[in-house]
Amino acid sequence: MTETACVELGEDDLSCPDIAYVEEELGLENVTSITEYPQRPYLIDGKRYVAPTECCYDHEETYTDCGGSHGFGRPLVIEGAAAIAEVVEGDRGWWRERKRTLYASGLPAVERAAIARRWRKRALLEHAAVGSFARFSLELLGLGAPLDLVRGAQRASLEEIAHASACFELAFALDGLRAGPGPLPVAGAVASVPSAADVARRLVHEGCVEETLGAAELLAAAGRERDPFVRRLLLRLGRDESRHAAFGWQALAWLVGQDAAARDAATDALSIAERSVAASAPSALEAWRAIVRPVAETVLS
């Protein structure tokens, strides 16, 4: 469905934000055209120019959720589907009220609300990642994993809590909505007796592939971001997710070294993931070839 989103420009804005920026910051999908109007004159060194007062972006809205997107946190997959909470109004301690001056603060309320919704989507996926690492901690304990892996899973879970909180806080700064995550649907999340093969298969998807590609996307987004505060947040998320990805590969190396069935399961899961990535965005495939494939070959060698 083709929709249009418009941004009003301030006196100091002399051109429309580019497509990459509005797709990232306003949460638009597949922007196809930009319309500038009406024109206002301004002078530079005595020369007369014109600048737009409003920029409108036609875009194709698919209304898909972000459950399978990279760059928004480690998924909690239960019976083949990503589990995620819903946003509920009320103060549950997931954000702190702070006054921030953001690049988007001067946008119309409707545009700020759109950006805030996008950050809450990110927050919910970071919130789900807390559950993913909690389950992984139990699985590691059940498999008799060494201390450094159990401690790494616990540390990563705490970092995901901080990520979710930071995203909810940014959303509040944009639209003032006091909201946080509701209950996370965790029924069926933990098997009674985890097998190394099942844990390895899930780890490839949740911890190795998703975290690696997600970190690459976050760091790329930080490079495009114009708002200093948001850029710092994206860099923080990207660096943390890079560590989480490295931890995932470390844990996978331990699993495949302990159990031949786990090695076979990891190999199969990586083949499935590569086919899926090949059919997705070109940037994800580039990250796979540059990062995921060589690391996977080292771990499974």
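Reader: Which side chain meets arginine 243 in a salt bridge?

Author: This is a predicted model. Side chains of opposite charge can pair when their charged atoms come close. Here the N to O distance is 2.5 Å. The partner of arginine 243 is aspartate 240.

Reader: Where do arginine 243 and aspartate 240 sit relative to each other in helix α5?

Author: Both residues belong to helix α5. They are 3 residues apart there, so their separation is about one helical turn.

Reader: Is aspartate 240 buried or exposed?

Author: Buried means under 20% relative accessible area. Arginine 243, at 43%, counts as partly exposed. Aspartate 240 has a relative accessible area of 10%, so aspartate 240 is buried.

Reader: Which residues are linked with Asp240 in a network of salt bridges?

Author: Asp240 pairs with Arg243. The network also takes in a glutamate. The residues linked with Asp240 are Arg243 and Glu159.

Reader: Which parts does the salt bridge between aspartate 175 and arginine 120 tie together?

Author: The closest N and O atoms of aspartate 175 and arginine 120 are 2.8 Å apart. The two residues are 55 residues apart in sequence.

Reader: How many salt bridges does a search of the whole structure find?

Author: One of them joins aspartate 198 and arginine 201, with N and O atoms 3.0 Å apart. The search of the whole structure gives a total of 7.

Reader: Which side chain of opposite charge is nearest to aspartate 227?

Author: Aspartate 227 lies in the loop between α4 and α5. Aspartate 227 is buried, yet it has no salt bridge. A salt bridge needs the atoms within 4 Å, but the nearest side chain of opposite charge is 6.7 Å away. That side chain belongs to arginine 232.

Reader: Which backbone nitrogen lies 2.9 Å from a polar atom of the aspartate 227 side chain?

Author: Aspartate 227 touches Leu102, Tyr103 and Ala104, leaving aside residues up to four places away in sequence. The backbone nitrogen at 2.9 Å is that of phenylalanine 229.

Reader: Why is the disulfide of cysteine 16 and cysteine 55 given a hand, and which one?

Author: A disulfide is a covalent bond between the sulfur atoms of two cysteines. The sulfur atoms of cysteine 16 and cysteine 55 are 1.9 Å apart. The torsion about their S-S bond is about -90°, so the disulfide is left-handed.

Note on methods: Residues numbered from 1 in each chain as written. Predicted model: local features only at pLDDT ≥ 70, side-chain atom pairs only at ≥ 80, totals over all residues. Heavy atoms only, no water. Helix = DSSP H or I, 4+ residues; strand = E, 2+ residues; numbered from the N terminus. Buried < 20%, exposed > 50% of the residue type's maximum accessible area, 1.4 Å probe, protein only. Lys, Arg positive; Asp, Glu negative; His and termini not counted. Polar contact = N/O pair within 3.5 Å; in protein donor to acceptor, adjacent residues only side chain to side chain. Contact = heavy atoms within 4.5 Å. Disulfide = S-S within 2.5 Å.
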